[in-house]
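Subject: Structure handover and notes on packing

Dear colleague,

I am passing on the structure we spoke about, and I would be grateful if you could read the notes below alongside it.

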Protein chains: 2
Amino acid sequence: MPGPDRALRAALDISRVLGDSRVITDPDQLERFGGDESEEPPRVPDAAILPRTASEAARCLSIASEHGVPVTPRAGGTGKTGGAVPVEGGLVLACEKMNRIKEIDAGDLVAVVEPGVILADLHCAVEDQGLFYPPDPASLDSCCLGGNVAENAGGPRAFKYGVTGHYVLRLDVALPSGAILRCGHRPVKGVAGYDLAGLFTGSEGTLGLFTEITLRLIPRPRQVSTVLALFPGLADAGRGIQAVLAAGLVPRVLEIMDRECVDTVRDGGVPLPPGIEALVLTELDGSEAAVAGDLERAGETLTRAGAQDVLVATGTVERDRLWRARRELSEALRSRKAHKISDDVAVPRSRLVAVLERIESIGLAHGLVSATYGHAGDGNLHVTFLWDDPGLEAGAAAAREEVMRLALEMDGTVSGEHGIGSVNRRYLEMELGREAMALTRGLKKLLDPASILNPGKIL
Amino acid sequence: MPGPDRALRAALDISRVLGDSRVITDPDQLERFGGDESEEPPRVPDAAILPRTASEAARCLSIASEHGVPVTPRAGGTGKTGGAVPVEGGLVLACEKMNRIKEIDAGDLVAVVEPGVILADLHCAVEDQGLFYPPDPASLDSCCLGGNVAENAGGPRAFKYGVTGHYVLRLDVALPSGAILRCGHRPVKGVAGYDLAGLFTGSEGTLGLFTEITLRLIPRPRQVSTVLALFPGLADAGRGIQAVLAAGLVPRVLEIMDRECVDTVRDGGVPLPPGIEALVLTELDGSEAAVAGDLERAGETLTRAGAQDVLVATGTVERDRLWRARRELSEALRSRKAHKISDDVAVPRSRLVAVLERIESIGLAHGLVSATYGHAGDGNLHVTFLWDDPGLEAGAAAAREEVMRLALEMDGTVSGEHGIGSVNRRYLEMELGREAMALTRGLKKLLDPASILNPGKIL
């Protein structure tokens with residue numbers, strides 16, 4: 001691992017290109033570049049670099065390469081698996097000054113953005129034009145498109161609309177060599193050569209640095225309705241989800257929350273009656289006529305599956321409060337106990353009830369409070385364990401490992417949407433096996449032969 | 001290029017594993033393994049191999065590698081760019097005996113198939129269970145899933161539902177080493193490591209051979225309506241397409257056909273009034289209520305855009321006749337003149353009218369009949385030039401090159417869904433540029449270092 005001296009020499013060379021004001025080496029100012037929203041302990045980098053343009057970003061990479069200094073790309077810093085933490089020190093290359101929405105083209109149904117654009121800003125900008133960009137990770141008010149593409153971010157609406165990767169049309173990528181590669185295409189279809197844009201999507205900043213992102217848009221659905229179904233038990237709620245799937249409904253959102261989450265949401269100000277052990281939150285969108293019909297079917301289906309009550313959030317205020325509570329759930333859970341760990345396994349949908357029950361008993365066996373919520377329609381669960389007693393830490397780690405093994409045993413994955421980063425590295429080989437690991441290493445070596453890009457992540 | 005002797009020695013070794021009956025060396029029997037539906041001249045391979053299982057397929061690859069013999073994977077042989085033509089001889093590895101639908105799981109919304117399953121058979125099997133697999137290339141009655149994944153096949157329904165790659169969850173891939181790599185995931189979401197399944201999808205048999213494919217399914221839409229709008233001119237029809245897009249409608253199909261195609265369809269038995277110069281074919285699906293509402297809006301929108309008449313195909317017979325005519329268009333056009341070349345450029349949707357007009361004048365300038373049809377909602381056009389006089393061949397080649405350049409000039413792509421294969425190789429670098437070409441070569445070398453897999457394709 002190269003020492004800070006080498007990093008500072010690289011930073012000095014970079015300041016000759018960018019000017020001093022965009023090369024940060026003051027330790028106080030550097031602190032905010034050290035962490036993300038994962039359990040990975042923050043590490044303050046040796047310097048942070050703030051390019052404004054693609055060619056500046058590319059030049060920074062080539063200088064870092066010359067010096068053999070690690071570069072950790074940083075977008076919103078809201079990742080859940082350590083992707084933005086410079087675990088080996090060196091430079092953080094932050095895209096906060098590359099934050100322009102360059103183009104929204106309603107005719108082409110395309111948006112072109114720089115990597116530092118905040119997701120919610122893009123949502124607003126396209127929706128103003130009657131357009132829609134579906135991906136909606138919970139951090140949407142602070143996460144950036146560059147990070148979304150790097151992590152192939154999901155979110156509740158992935159159930160109907162798919163994840164970030166389904167919307168990436170074209171990427172400009174700065175490579176460690178300092179070259180800028182353009183891949184993908186502006187038209188919605190294109191099969192000229194290998195899917196290079198797909199290879200970079202979800203590569204967690206380990207293969208290249210995005211400098212421009214072209215995204216597919218769709219027309220904004222004319223109507224949305226939010227439905228909250230209250231269940232007396234978690235397994236009932238799981239069966240409710242499966243009943244909605246079996247009914248052939250395609251809501252845009254199909255979320256579950258267990259008892260601990262229900263209590264947390266209630267404490268956060270959403271009025272919920274007592275005796276509720278699980279919630280199913282669903283959203284239906286489309287034309288007015290389609291939503292009206294689906295709403296009725298969803299209500300009937302959830303009631304038949306055992307929902308105690310099915311509430312329709314009619315007003316925007318009601319809907320916003322519900323969604324704010326859902327989005328803040330991860331942080332709100334953190335404040336309920338001294339310690340928290342979480343992951344986001346995904347399992348085949350038919351295994352949902354079985355997995356939910358197993359997770360509860362894994363938590364119980366280790367004396368932990370478990371709080372599970374997530375995108376149940378996709379089988380993607382955010383499994384959280386909470387505890388106060390420091391003596392339970394080893395048990396929590398064991399519980400987490402059991403959840404990961406459970407997911408794989410159920411033919412699932414260790415990460416539905418948060419990625420591997422540094423936090424989940426030990427589980428990657430368990431999932432991929434030898435051949436896929438070898439190919440993963442080969443790809444990293446092909447694109448980043450000196451391993452300067454986000455070292456310590458994925459591999 | 002290794003000679004037939006070496007290929008025959010490899011075939012002999014393979015026959016020791018598979019038995020003689022599944023290693024074909026008789027020239028008469030070999031003929032059907034030599035061509036596809038492109039302009040690439042067929043070439044009869046030295047031998048054809050018919051494995052039944054993944055491990056047999058992998059073993060065949062490793063034997064071919066030992067002998068340094070080219071292997072051209074073959075699924076339905078319906079490709080449009082020479083992907084299945086063994087241009088360097090050697091072995092054809094056909095998957096016709098790997099044709100089992102292994103699983104359709106309505107709970108998980110997943111199908112698991114072998115590469116030799118015919119697409120229409122999968123459509124029937126999943127639709128029988130109330131499920132839906134959207135991709136629908138015109139060759140659906142004879143193309144196979146292995147080829148669909150290799151080419152990342154599209155089809156009319158891609159407008160709403162996306163292309164094959166949007167449905168590939170997991171792939172088992174036999175590598176030249178003889179190893180079998182499993183990549184992707186059964187749950188609908190998964191971000192553990194790089195998107196390896198995405199890398200193989202659309203790689204045209206140049207990186208590995210699929211032995212098992214896990215596909216995402218969705219609920220079958222409850223209602224479908226087909227609408228045919230008749231236009232007096234091509235530009236009007238193009239504006240009709242744009243009006244539908246601008247109205248925020250998301251039909252599952254939004255196709256265009258120009259005058260020559262109209263005549264061909266009419267000659268094929270679809271009754272169309274005179275004076276029609278272009279058709280827009282659209283399909284709306286969803287719940288009964290949604291389709292009824294959208295149908296009305298689509299009709300109004302197309303009429304306002306200048307459609308002379310808007311017909312709704314109400315019965316199945318009417319719908320099937322219309323679609324059969326559309327699917328047979330490529331072949332029907334071939335019989336109208338002695339010679340035909342076609343490609344499938346895609347352009348940003350807003351450029352549609354401009355591109356349609358330019359294509360017509362390019363054809364005229366070279367004395368060719370032009371026939372353009374395709375997935376206009378996606379900007380993906382099948383541009384066809386027809387001629388009788390052999391002296392026009394050079395002009396046709398020039399016209400084609402002009403169309404390719406036009407697509408790139410419009411920020412489009414040289415192939416929306418047919419791929420590069422051998423036929424479009426010369427246009428790939430024009431589109432990708434130096435960096436993306438270098439990465440493409442690097443990926444090929446990483447996965448197929450001896451270049452035995454489908455040589456002469458893409459690169």
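In the interface of the two chains, 77 residues of chain B are in contact with 77 residues of chain A, where contact means heavy atoms within 4.5 Å. Please bear in mind that this is a predicted model, in which local features need pLDDT of at least 70 and side-chain atom pairs count only at pLDDT 80 or more, while totals for chains, interfaces and linings use all residues. Residues are numbered from 1 along each chain as its sequence is written, chains are lettered from A and ligands numbered from 1 in the order in which they are written, and side-chain values use heavy atoms, with hydrogens and water left out.

The size of an interface is often given as the accessible area lost when the parts come together. Between them, chain B and chain A bury about 5800 Å², with 63% of it on carbon and sulfur atoms; buried area here is the accessible area (1.4 Å probe) that two parts lose on being put together, summed over both. On the side of chain B, the residues B:Lys189, B:Val191 and B:Tyr194 supply 16% of the area that this chain buries against chain A, more than any other three residues.

Helix 15 (residues 425-447) of chain A packs against helix 15 (residues 425-447) of chain B at an angle of about 145°, the axes being 11 Å apart. For these values, axes are lines fitted to C-alpha atoms, for helices over the stretch in contact, and angles run from 0 to 180 degrees between N-to-C directions; helices (H or I, at least four residues) are DSSP runs, numbered from the N terminus. The contact is made by A:Leu439, A:Gly442, A:Leu443, A:Leu446 and A:Leu447 from chain A, and by B:Leu439, B:Gly442, B:Leu443, B:Leu446 and B:Leu447 from chain B.

Within chain B, helix 13 (residues 352-365) and helix 14 (residues 393-409) pack at an angle of about 160°, with their axes 10 Å apart. That makes helix 13 of chain B roughly antiparallel to helix 14 of chain B, a label applied to angles over 145 degrees. The contact involves B:Val355, B:Arg358, B:Ile359 and B:Ile362 of helix 13, together with B:Ala399, B:Glu402, B:Val403, B:Leu406 and B:Glu409 of helix 14, and these residues divide into six nonpolar, no polar and three charged.

In chain A, the domain assignment gives domain 1 (4-97), domain 2 (101-219), domain 3 (223-329) and domain 4 (337-418 + 430-434), with bounds that come from an automatic or database domain assignment. The centres of domain 2 and domain 4 of chain A, taken over C-alpha atoms, are separated by 29 Å, and six residues of domain 2 are in contact with six residues of domain 4. These two domains of chain A bury about 450 Å² between them, 45% of it on carbon and sulfur atoms. Of the area that domain 2 of chain A buries against domain 4, 63% is supplied by A:Glu151, A:Gly155 and A:Phe159, more than any other three residues.

Key
Helices (H or I, at least four residues) and strands (E, at least two) are DSSP runs, numbered from the N terminus. Angles under 35 degrees count as roughly parallel, over 145 as roughly antiparallel, 65 to 115 as roughly perpendicular and the rest as oblique. Ala, Val, Leu, Ile, Met, Phe, Trp, Tyr, Cys and Pro count as nonpolar, Asp, Glu, Lys and Arg as charged, and the others, Gly among them, as polar.
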